[in-house]
Amino acid sequence: MKSFAVSTRRKFLLGTGATALATAVGGLAMPAISRASSRPMFTHGVQSGDVDTTSGMIWTRTDRPARIEFEISTTESFANPMRLPTMDALPESDFTVKRLLENLASDQDIFYRMRAVDLNDVSAGSEPIVGQFRTAPSARRDIRFAWSGDTAGQGWGIDETGMKTYATMAKHRPDFFLHSGDTIYADGPMEDEVTLKDSSVWKNTVLIDEKRKVAESLDEFRGQWKYNMMDDHVRALNAVCPTFFQWDDHEVVNNWSASKDLSEDDRYTEKSVALLQARAARAFHEMTPIRYTPAEPGRVYRKIAYGPMLDVFFLDMRSYRAANSEGLQEAAGEETRFLGDEQIRWLKRELANSRATWKVIAADMPIGLVVPDGDRIEAIANGDNAGPKGREFEIADLLRYIKNAGIENTVWFTADVHYTAAHYYNPDKAAFQDFKPFWEFVSGPLHAGTFGPNKLDGTFGPELRYVKAPSEEQGANLPPSAGFQFFGLVDIDATTEQMTVRLMDRDDSELYKVTLDPVRSA
């Protein structure tokens with residue numbers, strides 16, 4: 001495919017309020033979806049993801065076996081579009097299709113349009129469905145991205161307001177959204193109504209059978225994803241903003257590792273965590289626009305190069321870990337494995353090769369917060385405030401490498417704990433001191449119960465610069481209507497290359513702001 005010429009036109013489209021895809025969104029007329037039973041139908045909108053300077057993934061789903069026709073254009077009118085080979089949506093992939101658009105011009109608005117033709121009746125075709133993304137720049141320009149995690153958890157589903165945080169993020173017109181994990185809650189059944197502490201009632205106004213029980217079959221895992229995309233705000237953001245996905249535990253089952261035991265959990269008839277994980281991983285890759293890695297088809301960790309000022313390194317802190325334990329092993333070994341040797345080698349190599357100003361490390365779990373799993377440790381920190389033990393060995397080794405290799409401007413972004421915070425890791429205050437100071441920012445939930453705050457472990461010297469979480473009086477598992485739903489915004493200035501990080505709530509209040517100056521290599 002030849003490259004598109006760069007368009008001077010710049011319109012970023014966003015959904016406002018509870019705008020559905022069928023509504024005119026920011027100047028782009030979203031076509032109506034055909035409801036005629038004789039014609040195919042797009043069921044869950046569109047998605048894009050993993051966009052870099054010359055390519056990006058796109059995704060959709062139909063209601064039946066269909067041949068999908070694709071067109072792409074640099075204008076929303078689709079004047080002189082480029083047609084691509086068709087793809088087939090079949091039951092084996094739950095009627096989903098996704099493809100990589102290649103050889104695109106950098107810093108370019110790309111509009112994509114899809115139409116479905118019924119494979120049982122090729123005379124029956126759907127109305128088209130449209131989406132948009134913008135490729136990453138090859139030269140310096142302002143960049144903005146959002147991040148958060150934790151969608152539709154703890155029984156809080158789609159109420160009459162919907163997943164409002166997605167609409168709030170869309171107002172800021174991010175270049176992309178980084179979903180930091182717990183993208184679904186496959187282990188969190190929902191009920192039609194939940195009585196709150198004040199005797200008011202939360203109503204899940206949208207509910208499907210797959211959300212009334214824990215996910216065990218492949219179709220049930222797929223249903224968890226389809227449920228989230230039934231929300232108007234989610235679909236509206238998906239249509240105009242790429243999402244870069246990573247996963248954590250709730251895509252499978254809470255705190256899963258080799259030590260997870262479902263034998264006494266009556267909710268599950270399938271007791272094999274390994275089999276649940278295999279089905280969950282297939283659904284994750286079917287239902288998201290994550291790139292396919294031929295060397296390891298199920299891989300989640302990867303790098304996305306987003307122009308000369310930004311590389312994003314996505315970690316997978318779940319798939320390669322050893323069993324959860326107390327995390328107090330005195331020497332590194334198989335029992336302390338967390339990222340795993342191959343992922344660590346990849347990360348070190350890619351960080352050393354990066355020429356981007358900022359190296360964003362997207363982690364699905366925080367470094368210094370103690371996250372328990374009963375009497376075991378679920379994350380990294382073990383709470384002893386001493387030198388490295390257990391999983392802390394891997395992090396100590398990585399941080400030492402970053403210092404010794406002269407790698408500058410690493411910033412960590414994460415979610416998982418269901419509140420928002422800013423941590424500054426200071427070697428002068430740490431039990432382990434062989435590293436350069438760095439920041440870690442925590443945000444979430446997007447639309448789930450609010451908890452916290454968690455205790456900080458002093459091994460790597462985290463200083464708490466900001467936190468917002470429920471008070472002891474407010475309690476735990478607050479619903480989204482309580483307002484404790486959070487996301488973050490990151491701006492990188494093209495002129496100064498400064499990174500400004502803001503912690504936000506779902507009502508669009510700015511809670512905390514800090515501007516980081518880039519360190520210039522000698």
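Q: How far apart do the C-alpha centres of domain 1 and domain 2 lie?
A: This is a predicted model. Its protein chain is divided into domain 1, residues 38-135, and domain 2, residues 143-516. Between their C-alpha centres the distance is 29 Å.

Q: How many residues does the contact take from domain 1, and how many from domain 2?
A: Contact here means heavy atoms within 4.5 Å. Both domains contribute to it. Domain 1 gives 29 residues and domain 2 gives 27 residues.

Q: Which residue meets the side chain of Asp52 in a salt bridge?
A: The count between domain 1 and domain 2 is three salt bridges. A salt bridge needs a side-chain nitrogen of Lys or Arg within 4 Å of a carboxyl oxygen of Asp or Glu. At Asp52 the N to O distance is 3.3 Å, and the partner is Arg291.

Q: Which strand supplies the largest share of the side of domain 1 that touches domain 2?
A: Strands S3 (42-49), S4 (56-62), S7 (96-101) and S9 (129-134) each supply at least two residues of this side. The largest share is six residues, and it comes from S3.

Q: How many charged residues has the side of domain 1 that touches domain 2?
A: Between the domains, 14 residue pairs are in polar contact. By class, the domain 1 side has nine nonpolar and 13 polar residues. Its charged residues number seven.

Key:
Residues numbered from 1 in each chain as written. Predicted model: local features only at pLDDT ≥ 70, side-chain atom pairs only at ≥ 80, totals over all residues. Heavy atoms only, no water. Domains from an automatic or database assignment. Polar contact = N/O pair within 3.5 Å; in protein donor to acceptor, adjacent residues only side chain to side chain. Helix = DSSP H or I, 4+ residues; strand = E, 2+ residues; numbered from the N terminus. Nonpolar A, V, L, I, M, F, W, Y, C, P; charged D, E, K, R; others polar.
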